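Please work through the exercises below with the sequence and the 3D view side by side. Try each task before reading its solution.

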Amino acid sequence: MSPWSTLTDPILRQNPVTLQILGICSALAVTTTLAAAATMAAALTVVIVCAAGIISLLRNHLPSSIRLIMQIIIVASLVIVVDQLLQAYFYEMSQRLSVFVSLIATNCVVLGRTESFALHNRPLPAMVDALGNGLGYSLVLVILGSLRELFGRGTLLDVEVLRTVEQGGWFEPLNLMLLAPSAFFLLGGLVWAIRSWRPEQVETSEFGLTRVKEPGP
Amino acid sequence: MAELNPIQLWRRLLSLPNESRTKTIVIAFLISSVCAVMVTGATVALRPIQAQNRALEQQTRLEALLTEIPGLSQILAASDEMALSTVVVDLRRAEAALDVTPETLPAALANSSNWTELSPQEDIANLGSRANLKQVYLLRGPDDRVELVILPVSGTGYGGPIEAMIAIEADMNTVAGLAVMSHGETPGLGARIDEPAWRTQFAGKQVADETGTVRLSVAQGTATTEYEVDAITGATRTSTAMARMLQFWLGPQGYGPLLDAIRRGEF
């Protein structure tokens, strides 16, 4: 696989959120505003790229009996470092993201990529793959964050786009957009749209009914 | 001696099969140690900046509390004689602590003799022990009377410690406002104590009734008396913690004697 397709595949064709349905929890929790979604996406991308690089370097000497716990330790340490950096330099944003930055450690996207790709590939391809997955996750978060902020508050990055009724305009904010269920609806709609456009992403039904040939008279 | 050469040892370790017990233990130990150093390094190196951020945040929240109190910003802007002063008070004697200034307060609180252990009956706010010295803010009017007092309160909520500031008007019985400084409550539920819609309910509420019993509380549902504010739906533990915290700190074990002293004009 060429480095270019390693990078771009996870963005649309193999998107971790819309195809593999991983990392849904944070996609629901932090996408009320675009700024929060973008910060979370950047934090996850940094963590996943560093984790993939480190784990790929260690891959030949990582005993397979303890490989999962070692991966979690590395990912969790990186998450703490990123969280501390956010608390030091983006204090207000880290207060808004609260626990969800720490929960990157349990995000399936990260462990999924280190376990399935970084453990079997050289550092450079592993980091490229991780970057692609990070960007794929970021794309979904940014789409959800923009839609929710735009329709829930009428703003984008705190800049007024649709003037709300409160401010004397015409737009009635949809409060549902600020609640977690709306992210579920939007995400479902997004998955549906992508799979209608690219039918090869539709999963084959595993337990569907099949027509059996009726016995003759 | 070749076996003690670290490079040789390292090579021999790496050449061991991955499944060997020695290699498993050594690799686990090494990775954990490196991660521990990384985490500790980041925490220690960034702590001063984070502490500064938190102090700044507390300052902005205190200022926000002052601007929320109706009419106060005009009073402050109108007269130069009225200014907010910071005083360290001794809760045991209900008077200003003479030898402790706000700068030396952290050092004084490091000494365990400045803390009072609370018995389980007294300890409704779940604090364990109470500091005898507290830093309060007083606003004095032109005739040197205390017009407003801002008291720091703390307690244990559902998700960890809650710290807040309560402002009380000149009669020492009417709440002027409440600001939450820090908390660890559940986002979307208990964390709503920080939202202005809930906090501003406290303005105008009465602290104690005629007999001096602290009645200020969070209702079980919707507030019905002049001592209560509405509870937060889905955050019963947080609401209860806020109520207990206020009852403790405004009561006899907290600022009660101090408020009485100010009311008598002894302060």
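The exercises that follow concern a predicted model and take its chains in turn.

**Exercise 1.** Work out which helices and strands chain A has, and in what order they come.

*Solution.* Begin by counting the elements, which gives eight helices and two strands for chain A.

**Exercise 2.** Describe the extent of chain A, its share of buried residues and the sequence separation of its contacts.

*Solution.* Start with the box along the principal axes, which for the C-alpha atoms of chain A is roughly 75 × 60 × 30 Å. Next take burial, for which 37% of the 217 residues of chain A count. Finally, consider the contacts in chain A with a separation of 6 or more, 73% of which are between residues 24 or more positions apart.

**Exercise 3.** Decide whether chain B is a compact globule or more spread out than one.

*Solution.* First note the elements of chain B, namely seven helices and 10 strands. Now compare its radius of gyration, 25 Å, with the 18 Å that the globule rule gives for 267 residues; because the value for chain B is well over that of the rule, the chain is more spread out than a compact globule.

**Exercise 4.** Find what percentage of chain B is buried, and what percentage of its contacts with a separation of 6 or more join residues 24 or more positions apart.

*Solution.* For burial, the share is 27% of the 267 residues in chain B. For the contacts of chain B with a separation of 6 or more, residues 24 or more positions apart account for 53%.

Notes
Residues are numbered from 1 along each chain as its sequence is written. Chains are lettered from A and ligands numbered from 1 in the order in which they are written. This is a predicted model: local features need pLDDT of at least 70, side-chain atom pairs count only at pLDDT 80 or more; totals for chains, interfaces and linings use all residues. Helices (H or I, at least four residues) and strands (E, at least two) are DSSP runs, numbered from the N terminus. A residue is buried if 20 or more other C-beta atoms lie within 10 Å of its own, exposed if 12 or fewer, and partly exposed in between; C-beta atoms are placed from the backbone. Two residues are in contact if their C-beta atoms, placed from the backbone, lie within 7 Å. The radius of gyration is taken over C-alpha atoms; the globule rule is 2.2 Å times the number of residues to the power 0.38.
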